[in-house]
Amino acid sequence: MELPETSDFASANLFSKMAEIRASKINWQPYLQSQLISADDFEFIQRFTAAGTEQRRRIAEIEGTQCAQTLLHLVTRIVKESVVHFVLVLIEDLLQENGEHAQIFSVFTRRNHRSQWVLFMPMLNRQEILTMHLAARVVARLAIMSRELLQGSDLGFYLTWLKTHLSVQKLRAAVGDGVSGGGNSEALHYFQSAASCLQLILRTGEYRFAWVQEDGISCIMAVLHNRCGVQLQYQMSFCLWLLAFSPQVCELLRNNSPVPALADVLNESVKEKVTRIVLAAFRNMLSQAVEKETRHEFALTMIQCKVLKQLENLEQQKFEDEDVVEDIKFMLEKLGESVHDLSSFDEYSAELKAGRLEWSPVHKSEKFWRENAARLNEKNYELLKILNHLLQASDDPQVLSVAAHDIGEYVRHYPRGKKIIEQLGCKQLVMGLMHHVDTDVRYNALLAVQKFMVHNWEYLGKQLQSQQGSIPTRS
């Protein structure tokens, strides 16, 4: 699936506001009289705003320096919000019409020994919310179109701004305004606007890696986990699809796999565009990751999250988009290959990494624990640490019950297990669950603690036998 044009990125509500701003008439004469703008800037903006779309494009190409100078002077020297809105929309329209127009701003600011980012970043701290979001959109477009990359502290500031405006707190505030599903809340539309900025900048590889380094995956996942509505499901899934274009980012996604969240979106999807983008994201993960182990792990997690079953159901449906049909075929083939190679330990590992523990057969299998308990020590106790995290973070009684049970089985079947779980802090967490409100959690925690104690008795018994065997008998 190819990247769509950048003109697709705005909510209907914001498009409507921008259309109103374009239609407004600004009287520039008072700004000339008060010397806020020069005669050259006045003459240019009068002529530029009176021109049609095609004529504006030619003016920008022929008079690039004057165009950049006037628009940047207006947007930084005039404080009236309606004027700032008007100029920001003018700039975004220029960039949208032709990405090469981005160069006139970077060339002009470099000639004046300034950074174009310094001119726009302060607007992200303005109190007026529309100004903030219009400026954020301009920055996003410049970031992907300009030859001058957004980097260093400016990039860090912009990504932090995006994370703040895509936070769960912002989303819940929007939902608290009475939004149900898509809704019409202004707060939600601005949230979607911030999401559209993220969709824009993640088109560029350098920004994908920077976003992951800023823990941006957790930000996306938190939105998806909070009943965000169809539009935001699409936007966040779109961002994950873009991220998975980068092989290096695919390797980093292993540490915070988005597969379970995307599987939930696919399962709930009633819109073809959402189904399409989730399948495309899955396909990228299975095809772009360089390491075979990474691709295998993604596939196992998808199988554990029942994506294979969803694909079989989707295969029976008719889709107008051929990309969807092709992605379903690709996914069925890849996941089918993984199922044939699936061992019981692979199944267990995938379930654990998905964070969705259930009473699948492996948990109660004596043979499984006898053969695989020691494998929980692999990769610096990776799976034990996941169990430990689930014991700490999960509020699902079934997850807590199964995790406590598994810790007990590990101790029962691995000789040094008790010492290791004490070092990792698992023992204290399991003991704390003996007072949980859920009876199943209490029961499984109690059984696990009993296994800890039996392990102690067996160890002491062996020590006693060893000591007795070393005492000489009288002849």
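Author: Gladly, and let us begin with a definition: helix axes are lines fitted to C-alpha atoms over the stretch in contact, and the angle between two axes runs from 0 to 180 degrees between the N-to-C directions. Please keep in mind that this is a predicted model.

Reader: With that in hand, how are helix 15 and helix 18 oriented to each other?

Author: The axes of helix 15 and helix 18 (residues 272-288) are 9 Å apart and form an angle of about 20°. Angles under 35 degrees count as roughly parallel. Helix 15 and helix 18 are therefore roughly parallel.

Reader: What is the handedness of that crossing, and which residues of helix 18 take part in the meeting with helix 15?

Author: The crossing of helix 15 and helix 18 is left-handed. From helix 15 come V230, Q231, Y234, S237, F238, L240 and W241. In helix 18 they meet K273, V274, R276, I277, V278, A280, A281 and N284.

Reader: How is helix 12 oriented to helix 15?

Author: Helix 12 (residues 186-201) packs with helix 15 (residues 230-243) at about 15°, and the axes are 10 Å apart. That makes the pair roughly parallel. Helix 12 also passes helix 15 in a left-handed crossing. Residues of helix 12 at this meeting include L188, F191 and A195, while those of helix 15 include L232, M236 and L242.

Reader: Let us turn to helix 9. What distance separates its end C-alpha atoms, and why does that agree with its number of residues?

Author: Helix 9 (residues 129-145) has 17 residues. At 1.5 Å a residue, taken times one less than the number of residues, the helix should span 24 Å. The end C-alpha atoms agree with this, being 25 Å apart.

Reader: Which residue caps the N-terminal end of helix 9?

Author: The backbone nitrogen of L130 has a side-chain oxygen 3.1 Å away.

Reader: Is H133 buried or exposed?

Author: H133 is found in helix 9, where 15 of the 17 residues are buried. Buried means under 20% relative accessible area. With a value of 1%, H133 is buried.

Reader: And M18, is that buried or exposed?

Author: M18 is found in helix 1 (residues 12-23). Apart from neighbours within four places in sequence, its contacts are V89, E92, L134 and R137. At 2% relative accessibility, M18 counts as buried.

Reader: With which side chain does the side chain of S146 make a polar contact?

Author: S146 is found in the loop between helix 9 and helix 10 (152-165), and its 8% relative accessibility counts as buried. Beyond neighbours within four places in sequence, S146 is in contact with A102, Q103, S106 and Q116. The polar contact, at 3.2 Å, is with the side chain of Q116.

Reader: Finally, which helices do the buried residues of helix 21 pack against?

Author: Helix 21 (residues 322-340) reaches 28 Å from its first C-alpha to its last, close to the expected 27 Å. At its start, a side-chain oxygen of D321 reaches to within 2.8 Å of the backbone nitrogen of D323. The buried residues of helix 21 include V324, I328, M331 and L335. These buried residues pack against helix 18, helix 19 (292-304) and helix 20 (307-315).

Key:
Residues numbered from 1 in each chain as written. Predicted model: local features only at pLDDT ≥ 70, side-chain atom pairs only at ≥ 80, totals over all residues. Heavy atoms only, no water. Helix = DSSP H or I, 4+ residues; strand = E, 2+ residues; numbered from the N terminus. Buried < 20%, exposed > 50% of the residue type's maximum accessible area, 1.4 Å probe, protein only. Polar contact = N/O pair within 3.5 Å; in protein donor to acceptor, adjacent residues only side chain to side chain. Contact = heavy atoms within 4.5 Å. Parallel < 35°, antiparallel > 145°, perpendicular 65-115°, else oblique. Left-handed = near helix turned anticlockwise from the far one by under 90°.
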